[in-house]
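Here's a quick tour of a protein model for you to follow along with. Keep the 3D view open and find each part as we get to it.

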There are 2 protein chains.
Amino acid sequence: MKSPLLTSTQPKAQPPAKAKSTRKPKVVKPYHHGNLRETLLAAADDVLATKGAAGLTLRDVARAAGVSHAAPYHHFASLDDLLAAVATRGFDRLSEAMAPTVAVADTKERLLQISEAYVRCALANPAQFRVMFGTLCARKNEFPEMRAASARAFAMLLAAACAHDAKQGPEIALTGWSLSHGLANLMLDGVIDGLPLADLDTETMPRRLAERAIAVTPKARLRK
Amino acid sequence: MKSPLLTSTQPKAQPPAKAKSTRKPKVVKPYHHGNLRETLLAAADDVLATKGAAGLTLRDVARAAGVSHAAPYHHFASLDDLLAAVATRGFDRLSEAMAPTVAVADTKERLLQISEAYVRCALANPAQFRVMFGTLCARKNEFPEMRAASARAFAMLLAAACAHDAKQGPEIALTGWSLSHGLANLMLDGVIDGLPLADLDTETMPRRLAERAIAVTPKARLRK
DNA sequence: GAACTATCTTTACAAGAGAAAGATTAAGCG
DNA sequence: CGCTTAATCTTTCTCTTGTAAAGATAGTTC
């Protein structure tokens with residue numbers, strides 16, 4: 001589980017080899033980390049995976065990265081800023097998870113696979129998902145990069161929906177997104193298990209539900 | 001916005017009228033609050049509405065209720081316990097919001113109205129909604145009352161779905177719930193505004209999306 | 001090599017969660 | 001009525017956390 005980034009991977013082989021005769025030979029790790037920003041983000045991912053979104057603290061992250069608790073402030077303005085960076089990565093990861101579907105020729109099948117990828121990605125990184133769509137979202141103006149990353153992810157979904165049905169594309173996209181988002185949230189909140197839905201297969205659920213939502217509304221209904 | 005419960009409403013008219021000659025006549029509020037538990041919950045609602053879910057602290061709630069910061073511990077085991085009680089109320093409120101739809105004869109129309117009520121209720125109390133479906137949900141075994149309240153709310157939805165289509169009831173219920181839940185979350189996270197969906201009417205959106213999800217899958221597709 | 005700047009640490013502080021112990025009141029019981 | 005007991009509320013204390021400030025260290029540039 002521990003990311004390799006947690007131990008400095010910078011090309012900086014053996015500083016103790018430097019015979020500058022530093023007074024204290026006990027110095028094992030260098031003063032400067034070399035790649036702390038990335039290390040902190042990786043550490044945050046680890047902490048999130050271990051203790052969940054609620055149990056994450058700046059000091060935890062710093063500890064996991066092996067630096068003092070104030071060091072992160074030279075790379076992130078605040079805890080929220082760090083979380084925004086985590087969320088940004090999460091949105092990028094989501095985009096990556098959906099990306100392979102562009103190879104699917106059938107537009108409807110592509111939408112279904114996007115929905116599946118969305119739910120799969122959310123369930124794979126529950127705490128991250130919570131950070132991505134937590135309180136930070138309402139303050140996304142303060143974090144332009146995160147905002148851009150989330151916009152990119154949605155753009156992929158919207159493009160797929162418009163390819164499927166140019167006219168109703170936006171509505172289909174929003175429907176699919178809402179459904180996948182809601183299902184993912186309900187599942188990782190544990191709301192679903194324990195309910196009288198035991199006969200529904202958890203594996204195929206995302207696709208089956210998405211099939212309903214994506215179905216193009218009959219034109220007869222539209223011009224009522 | 002201030003709830004009337006914030007000032008003790010207990011039948012305890014004017015304790016200063018008691019001519020017991022207490023040494024200090026400055027005593028305006030009695031030592032015992034009389035109805036602190038309810039007052040705290042109301043205060044928590046106020047704080048949530050004011051500062052949001054992230055800005056809520058036990059001490060804030062206690063301050064708003066006019067008691068010391070340790071007083072709440074005599075009514076709630078912990079902050080999470082208080083939040084669970086808030087969530088319980090939220091689920092009950094949700095049930096109340098959906099309840100009037102039982103009068104609707106048309107089963108599909110009833111489902112649509114339930115979806116509308118769900119989204120409306122969520123948007124009316126954003127912070128509360130976040131508490132209801134936050135980290136607490138994953139620990140719902142620790143809070144039986146909250147669990148029961150959420151189960152009651154879902155039972156209403158499930159019943160309506162089964163009335164509409166006995167066979168596919170559960171799946172329709174889950175679809176509608178996921179969709180409404182996802183849409184509500186995306187809306188109150190502010191994810192939607194700012195996206196290229198401006199042409200979609202926010203008011204009618206819940207109903208229109210729900211129409212898609214609730215549509216019964218054609219039998220031709222089912223027996224493929 | 002010296003000044004500069006980025007990076008990291010130490011120290012300090014305010015705020016919050018929660019525990020512990022004492023004060024105050026209500027209720028029950030003789 | 002007076003005493004006892006339990007419930008409720010307050011004070012005080014400890015531990016953790018986010019964040020600011022100042023100092024230490026090390027690359028970088030002239």
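Let's start with chain A, which splits into domain 1 (35–76) and domain 2 (87–223). Keep in mind that this is a predicted model.

- The C-alpha centres of domain 1 and domain 2 of chain A are 28 Å apart.
- Where these domains touch, domain 1 of chain A puts in 6 residues and domain 2 of chain A puts in 5.
- Sort the domain 1 side of that contact in chain A by class and you get 4 nonpolar, 1 polar and 1 charged residues.

**Helices α3 and α7 in chain A**

- Look for helix α3 (residues 79–98) and helix α7 (residues 144–164) of chain A: their axes come within 8 Å and cross at roughly 15°.
- An angle under 35 degrees counts as roughly parallel, so that is the label for α3(A) and α7(A).
- The crossing of α3(A) past α7(A) is left-handed.
- On the α3(A) side, the contact residues are A:A84, A:A87, A:T88, A:F91, A:D92, A:L94, A:S95 and A:M98.
- Facing them from α7(A) are A:E145, A:M146, A:A149, A:S150, A:R152, A:A153 and A:M156.
- By class, this contact between α3(A) and α7(A) has 9 nonpolar, 3 polar and 3 charged residues.

**Helices α1 and α3 in chain B**

- Now hop over to chain B, where helix α1 (residues 36–51) packs against helix α3 (residues 79–98) at about 80°, with the axes 10 Å apart.
- Angles from 65 to 115 degrees count as roughly perpendicular, so α1(B) and α3(B) get that description.
- From α1(B), the residues B:L40, B:L41, B:A44 and B:D45 make the contact, and their partners in α3(B) are B:L82, B:A85, B:V86 and B:R89.
- Here the class count for α1(B) with α3(B) is 6 nonpolar, no polar and 2 charged residues.

**Helices α4 and α8 in chain B**

- Still in chain B, helix α4 (residues 107–124) and α8(B) pack at about 30°, and their axes are 9 Å apart.
- That makes α4(B) and α8(B) roughly parallel, and their crossing is right-handed.
- To see the contact, pick out B:L111, B:S115, B:Y118, B:V119, B:A122 and B:L123 in α4(B), then B:G176, B:S180, B:L183, B:A184, B:M187 and B:L188 in α8(B).
- The tally for α4(B) with α8(B) is 9 nonpolar, 3 polar and no charged residues.

**Where chain A and chain B meet**

- How many residues does each chain bring to the contact? Chain B brings 38 residues, and chain A brings 38 residues.
- On the chain B side, the elements giving two or more residues are α6 (135–138), α7 (144–164), α8 (169–188) and α9 (205–214).
- Of these, α8(B) gives the most, with 13 residues.
- Split by class, the side of chain B that touches chain A has 21 nonpolar, 11 polar and 6 charged residues.
- The copies meet through the same surface, because 100% of the interface residues of chain B are also interface residues in chain A.

**How the two copies are related**

Note on methods: Residues numbered from 1 in each chain as written. Chains lettered and ligands numbered in written order. Predicted model: local features only at pLDDT ≥ 70, side-chain atom pairs only at ≥ 80, totals over all residues. Contact = placed C-beta atoms within 7 Å. Helix = DSSP H or I, 4+ residues; strand = E, 2+ residues; numbered from the N terminus. Nonpolar A, V, L, I, M, F, W, Y, C, P; charged D, E, K, R; others polar. Axes fitted to C-alpha atoms, helices over the stretch in contact; angles between N-to-C directions. Parallel < 35°, antiparallel > 145°, perpendicular 65-115°, else oblique. Left-handed = near helix turned anticlockwise from the far one by under 90°. Domains from an automatic or database assignment.
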